Amino acid sequence: MAERILKNIRIGGLKNAVKGNDYRKEATISYGILIGGYILLQILTAAGLIGHNLQGQFVPICVYISLAVSLNLVVGISGELSLGHAGFMAVGAFSGILMSRILLQSMSFEPAILIISMLFGALMASIAGFIIGIPILGLRGDYLAIVTLAFGEIIRNFMNVLYFGFVDGKLRFAFNHTIEGIEDTDRIITGAIGATGTKTMASFTWGLLLCLFTVFIVLNLKNSKQGRAIMSIRDNRIAGESIGLDVRKYKLMAFVVSAALAGMAGCLFGLNYSTLVPIKFNFNTSVLVLVFVVLGGVGNMWGGIIAATLLTILPETFRQFADYRMLTYAIVLILVMIGTYNPAIKSRVNALFSKIKPKKKKDDGKVKKKKSGKEGA
Amino acid sequence: MIFLTNLISGLSLGSVYAIIALGYTMVYGISKMLNFAHGDVIMIGGYMSFIMTMYMGLNGWLALLVAMVICTILGITIERLAYRPLRGTGSLAVLITAIGVSYFLQNIALLIWGANPKMFTSLFNGMKPIHAMGGQLTITPESIFTILANIVIMILLTLFVSKTKAGKAMRAVSEDNGAAQLMGINVNQSISLTFAIGSGLAAVAGVLMLSAYPVLMPTTGAMPGIKAFTAAVFGGIGSIPGAMIGGLILGIIEIFSRAYISTELSDAIVFACLIIVLLVKPTGLLGKKISEKV
Amino acid sequence: MADKKDKREELIDIDISDSGHAYENRQEIYYNDNVGGRAVFVDSKEQYDPDEPYNDQVYIPEKDRDKAPILEVKGLGIDFGGLTAVDNFNLTLGRTEIGGLIGPNGAGKTTIFNMLTKVYEPTRGEIFFDGKSTKGMNTVDINKAGMARTFQNIRLFDKLTVEENIKVALHHTTNYGLIDGMLHTPKYRHEEFRIRKEAMKYLKIFGMTKTADYRAGSLPYGAQRRLEIMRALATKPKLLLLDEPAAGMNPSETSELMETIKEIRDRFQIGIFLIEHDMSLVMGICEGIVVLNYGRTIAKGSAKDIQSNPKVIEAYLGKSRGKMDEEEKAEDLEEALSKGKLESAPSGKPDRKEGE
């Protein structure tokens, strides 16, 4: 009994086998890019090489990075297409703004206000994610995608009819009609006009911290019992059920954590502008984040980080070609998609790479030798 | 009376959605992709028709025909250049490409025609609205023609798909791409044809919609596109009668919630209805049940 | 880096001689294992209820006769839109029996597995697993109750590594929450190390430690099949269902597999129920065999009973095939049963893969 079950085991060649995900490497690269990028941009800014416009994009870049990373949790790790990520961002932004205004009544220490607001934003967004997630996770594939789209639009629509403000120092709320007798400066959220009079607190450093936190959570989750369960269900739902994984629970878990992180990012975004309109969080924003995820490589965290950064910086740098900017963006998007996903082009690129890279690994040789030895015996 | 008026405008708007939804549903049925650029083909159709009438001095109906031809060519071209290279690579890649195409069309329109809205002249300019019930009920010619067009298109399309060889080939490809190919059906041709029909119909829908809601901008197609897509899913994506039913129901819900509940919340109500339907019937009203074999 | 390597070596060097303990004293481990809602193990040595003794109709190996059966199926049937796929299927499987389910393609074998694991809800009949009715349970509950399976067309978590595939199956005994998972708390580290060791134990038993870091989907076919069995075992089942474990294997691989299956039963002391077309495997290791044709049970019994059963011969070779006379047919079958594989029946429906 002491020896293993199979004496003459032959695994066969591992020649074509692919190594699995190296979590430590992925984390190192991701944190490296974030911190390196931050330092680089700070130096360039100090040297006066970065224009005012681009500097204004620093916080949004960080927000988009964490949105991309959090969306990757749903799209890459859970394997579901979500087209409503901006909805959670909106929930986080507006509830965070609301919280910051309430806290400002009694506090003045900004970092604390910011952190509490962001946590509140995350909480509200996760509640929204939970409410949305419960009914829809029985749906599959494209149907789930269209429902997330619908929910994103519903959230934005609701933002259009929400009114918050102070009257005589007390918080008032109204739905579908304006608050009576309110001073303009006491308005917090005014329907389609959105949030006004927000005290901006976001900074690039906060942005970096947000990104680091998001990456930390998502990568940790990926390499945990829960993450493995989520990925298993993605790879094979039926096999997952057969080993006792509760599919809905884990899909919901991915969805809610992703929503919470998006809410947090949304809050930082909201606290970066003194005014913010709900239309900002429409379908196009959801799509934008999805583009980051897909161009960065589905499931690849640092790919998403780079894509989010480049795709926010580049259009900004080419602002002088304003007219052709978005057109070029569209063309580049289509070409990149065809270039990376077309089977013919893909195999050609791979062939090119394999010529450059020496492919032989030590492991393969060993296994092969062993195998041939066994066959001889 | 207001109820009837609303019902008719709901049916009319629903008919527009239904015609657009046809494009979505047929394309989804045959190539399993969400063609997010479809809404923008509507917009291009609108601009084409606008140019033909305003600058070329064509008669509205003739302009519509030209717009249809151009959109048909556009649809085939988009499929050939952007979607075909990605066939069989999973829905995500094609979806993003479709979004790229959508951006492309919108920005081309922006470059050529600018961001300022153009006022579209109704196709039925000069026709008088019908007054009924002692003047209490007014039915616009736009409503009548849109509803009629929807019915005619639906009948023709159903006949085409069930009776003609090309239509049967399309159905075969939707059912099983690989098997259809083995049976000697030219899959590429069938898919091109689907895109052609869908895009041609988009032009019709665009002109009909703009006749009733005459503001023409580069982003005009986006929201109706999303709503029509919702309609297609509502009725069961891949199903032609489903698109019609989904479109009509959605149009009616939208007009009624605008009239009786809230203008701002009408979209939210429309989308909420979609979600409720999908919860009860996960593949839409007339959608086929999908079951995974073990 | 060096540190990491050492750890791995350490894991590989685990002495597996004691690994049987978890299963040989199953009673103990199952009591300890009452984590995450797993069923508490019912005393396996429990005497079979004297009111319902095994009658002569029930075939069950001698050694299991003093224990309650692990699985009892009564009058199981399922209809798909008016078509009866399986009807009146009965089975009693001993605690540590290796049972076989054979029959021509399309006979409904995998459908029975799907009903046992509640992928499909049976239209008729009852299933008693470990003495309890599985009515109202879903696939997840079934696994938690202690039934694990493999699939005809291998279903692994392709993008996860081999090690992770097993760790997922250890899910219910991994004791930490979402917060621990997101923040990688000490509790997480402790539990992860423990299940890693446990996963390596399985790999070691099956001689696959080398493959631990490779993606499951990129492994050679045989290794994938083996991993699927390991994954099922890692959920600590009382009954293991194997759906065509030898499919696509050559004769020498098949004989290895036979050894493996027997060893699994002996080491883990569990019941095994398998579907197989390879007669050498079925006749070689199965203690009880059920033959199915067109959704109906046509024979039950030991390998010997089955081989000589005329109904089985008919199912496999058809009633009147060309000019072949009875004798020839019998010879044919004998030859086929002793060596070759019987993949399809001439009388059966056209081969339809039950996979995706």
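Here are some exercises, each with a worked solution.

Before you start, note that this is a predicted model, in which local features need pLDDT of at least 70, side-chain atom pairs count only at pLDDT 80 or more, and totals for chains, interfaces and linings use all residues. Residues are numbered from 1 along each chain as its sequence is written, while chains are lettered from A and ligands numbered from 1 in the order in which they are written.

**Exercise 1.** Work out how many helices and strands chain B has, and how compact chain B is.

*Solution.* Start with the elements: chain B holds 11 helices and 4 strands (DSSP runs numbered from the N terminus, H or I of at least four residues for helices, E of at least two for strands). Next, take the radius of gyration, which is 19 Å and close to the 19 Å from the globule rule for 294 residues, so chain B is as compact as a globular protein of that length. That radius is taken over C-alpha atoms, and the rule is 2.2 Å times the number of residues to the power 0.38. Finally, look at burial: 53% of the 294 residues in chain B are buried, where buried means that 20 or more other C-beta atoms, placed from the backbone, lie within 10 Å of the residue's own.

**Exercise 2.** Find which domains chain C is assigned, and describe the side of domain 1 that touches domain 2.

*Solution.* First, the assignment gives domain 1 (1–32 + 159–235) and domain 2 (62–146 + 237–356); such bounds come from an automatic or database domain assignment. Then count the contact: 12 residues of domain 1 of chain C meet 13 residues of domain 2 of chain C, with contact meaning C-beta atoms, placed from the backbone, within 7 Å. On the domain 1 side, α9(C) gives the most, with 6 residues. That side divides into 5 nonpolar, 4 polar and 3 charged residues (nonpolar: Ala, Val, Leu, Ile, Met, Phe, Trp, Tyr, Cys and Pro; charged: Asp, Glu, Lys and Arg; polar: the others, Gly among them).

**Exercise 3.** Which residues does chain C bring to its contact with chain A, and how many?

*Solution.* Begin with the totals: 55 residues come from chain C and 39 residues from chain A. Several elements of chain C give two or more residues, including α5 (139–145) and α8 (186–205). The most come from α10(C), with 5 residues. By type, the chain C side splits into 22 nonpolar, 17 polar and 16 charged.

**Exercise 4.** Trace the strand order of the open sheet in chain C.

*Solution.* The 6 strands run in the order β6-β7-β8-β3-β9-β10 with mixed pairing; strands pair if DSSP finds at least two bridges between them. At the edges sit β6 and β10 (296–301) of chain C, each pairing on one side only. From one strand to the next, the twist averages 20 degrees. Now zoom in: β3 (residues 98–102) and β8 (residues 271–275) of chain C pair in the parallel sense over 4 bridges, and C:Gly100 has C:Leu274 as its bridge partner in β8(C).

**Exercise 5.** Follow β3(A) to its partners in chain A.

*Solution.* One partner is β1 (residues 162–167) of chain A, paired with β3 (residues 187–190) in the antiparallel sense over 3 bridges. Within β3(A), A:Ile189 is the bridge partner of A:Phe164. Another partner is β4 (residues 194–195) of chain A, also antiparallel, over 2 bridges. β3(A) and β4(A) form a hairpin with 3 residues between them, and A:Gly191 in the turn has a positive phi of about 50 degrees.

Technical notes:
Buried ≥ 20, exposed ≤ 12 C-beta atoms within 10 Å, placed from the backbone. Contact = placed C-beta atoms within 7 Å. Axes fitted to C-alpha atoms, helices over the stretch in contact; angles between N-to-C directions.
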